[in-house]
Amino acid sequence: MTTQAIIETVAGSGGKPAITYRLAGDRCLLVEYGEMEFDLTLNFFVLAVDDALRGRPADGIIETAPGFRSILVSYDPFVLATGDLLEHLHAVHEGLGAEQEMAIPSRTVHLPVAFDDSQTRAAVARYVHSIRADAPNAEGGTNVDYIVRYNGLADREELYESILQTEQWTAFIGFFPGLPFMFPLDPRDAVFVPKYNPTRTWTPEGALGLGGPCFAIYPVESAGGYQLVGRTLPIYDVQARNAIFRENPLLLRAGDRVKFHRVGEEELLALFEDVHADRYRYRIEEGVFEVGEYLEWLPQVKDEADERRRRRDEAAAVTPVP
Amino acid sequence: MARSLEVLEGGIQTTVQDYPGRRGMLARGFFPAGPMDHFAFRAANLLVGNPEPAAGLEVTLGGVTLRFDAGATVAVAGAEAEAAVDGERIPLWESRRVAAGSQLRIGVSQGPGFRIYVGISGGIDVPPLFGSRATYTMGALGGFEGRALKAGDRLALGGESGDGTPRRFRPSARPPYSREWEIEATRGPHAAPDFLTEEDMQTLFGRWWSVDRNSNRTGIRLESHLFQWARTTGGIAGGHPSNILDNSYPVGAVNVNGDLPVILGPDGPTAGGFICAATVAHAGFWKIGQLRPVGDRVRFREVTVEEAIALDRELDERLTVASLESV
């Protein structure tokens, strides 16, 4: 029998985005917010809803998992009927204020990064040697120059400065245990790059990658498709060799702001050892992200961000895609 | 001394699993893991008198030998395969006592079916991780050292459970095995008319799909198919119309990755930027564990959520002691 994937839509109003409820099997509902736009405000709304859902648990909701502009709600249909789940979600949505008034629990997590280090270069070399010798994104044995070229940046330093200047917003965790999907909060620092084609079979732990507009840190050695810019510290450890991982093997969670500072490769390797020997203490500040303040600030940098985007679009148009 | 068993032959991929696996971790990037065929797994546990959460073994294809260092009640269920205790053939879907020192050998399955489950009284006693003993192969965690078993591994067993009486899972309560599988699925989350055309959906639910050789616990890859698509590109999310801004995936989703539909398995990626056109019903999910790469074919049968839930209730009713008979 035929059914519809979309079971209900609610128009946006009162500073809140439109909501689309989609069937995702008999045990999950996918709740989407707004339109398919690359708008971080939608993610702020997602995290505010997710927080509110945790504050108002309903019998039968097993777990919720945010995406960029959606939440996947897993539930037990024998405890909570789909209709009752919808009612509960309506009530939670109605209880929320407008986007401008939202305050999201948000830590600032400071992490060192060594750009274009020998481990990420080794991953690129291995790719060129064993998978694709003529990959335009691997020219010169690094992905960094390709990112610079694709975005029309003056040089590597301009790329590094943009990564260091902004805070990265952790929109959600997924794909693989502990992997953060991060986006620059300062639109002037937005960079964009196509992914590997085909993908890479090896990436070092802690590698910082860029795919499309999204930054990610690789939690463990793994395959991957993002262009590599450097390497940071461990963000995931089930063995809990460092105190930070004892209660939770994941360093990052949705809503965290990651701020990178630059270190040399030797220092990074020493810090890696310090993490494993439980000598290193991760620097994390508790805090709240005021969405209204952020939205008020955005227009001040809009012209500059638009100009950079034009420059990037021009460069991208004449840069080969992998 | 604690009860244990020793692996003499591990086969191609034998893992410790429990049902329903690791729930509540999706937002941290963990799929639930757990048995790919939860029906045969649960039946094997039921036969040996274990409580439902007890851990057992998932054997892919076969070629496994286990030696029990203590007496135990064991049951083998799932794909057609030759099973023997100390050389004596034993039927599947039946429990029996094995003495300390006995060897259980599971031959290579010729099908139908692809995975074989071993229930052992007391369950496999590996340390739980985030509430489950299931092996999550993609995260290399849980189960026994986060990996498939190999010769020489020694697994601790929990304290004896059940009364050791041999029992049989009634043939009428067993699901039919085949080379052609009809799998119940609901439409969406991303279907027609906004992502695919109605004709695409008719194709998705109407045709037979061959199972690709590169299928495993992370997913069942089907055949590439050129859908019509309701949009020309994925817009800001990417060039291909299968691209969307990344979201979390439900287990059992039929994820369309470019032109390739993949059924997301229990160890799959939890999130990504591709649409999921349909989602396998929980009551039909066990079948994906029995799909044989190369040769088996799948057709999705569209059901409503209400029908899916009703099927799930029937399945739960079959997985009770009422389905057991004495041997």
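In the predicted model, 43 residues of chain B are in contact with 40 residues of chain A, two residues being in contact if their C-beta atoms, placed from the backbone, lie within 7 Å. Strand E13 (180-187), strand E16 (243-248), strand E19 (271-280) and helix H4 (305-318) of chain B each supply at least two residues of the side facing chain A. Helices (H or I, at least four residues) and strands (E, at least two) are DSSP runs, numbered from the N terminus. The side of chain B that touches chain A comprises 20 nonpolar, 16 polar and seven charged residues. Ala, Val, Leu, Ile, Met, Phe, Trp, Tyr, Cys and Pro count as nonpolar, Asp, Glu, Lys and Arg as charged, and the others, Gly among them, as polar.

Residues are numbered from 1 along each chain as its sequence is written, and chains are lettered from A and ligands numbered from 1 in the order in which they are written. As the model is predicted, local features need pLDDT of at least 70 and side-chain atom pairs count only at pLDDT 80 or more, while totals for chains, interfaces and linings use all residues.

Chain B is assigned domain 1 (4-174) and domain 2 (180-318), with bounds from an automatic or database domain assignment. The centres of these two domains of chain B, taken over C-alpha atoms, are separated by 28 Å. Between them, 23 residues of domain 1 are in contact with 18 residues of domain 2. Helix H1 (residues 38-47) of chain B gives the most to the domain 1 side, with three residues. By class, that side of domain 1 has 14 nonpolar, seven polar and two charged residues.

In chain A, five strands form an open antiparallel sheet in the order E1-E2-E3-E5-E4; strands pair if DSSP finds at least two bridges between them. Strand E1 (6-10) and strand E4 (61-66) of chain A each have a single partner strand, so one side of each is left without a neighbour in the sheet. The twist averages 15 degrees from one strand to the next. E1(A) pairs with strand E2 (residues 19-23) of chain A over four bridges in the antiparallel sense, and Glu8(A) stands opposite Tyr21(A) in E2(A).

Helix H1 (residues 40-55) of chain A lies across strand E3 (28-33), E4 and strand E5 (70-75) of chain A, at about 160 degrees to E4(A). Axes are lines fitted to C-alpha atoms, for helices over the stretch in contact, and angles run from 0 to 180 degrees between N-to-C directions.
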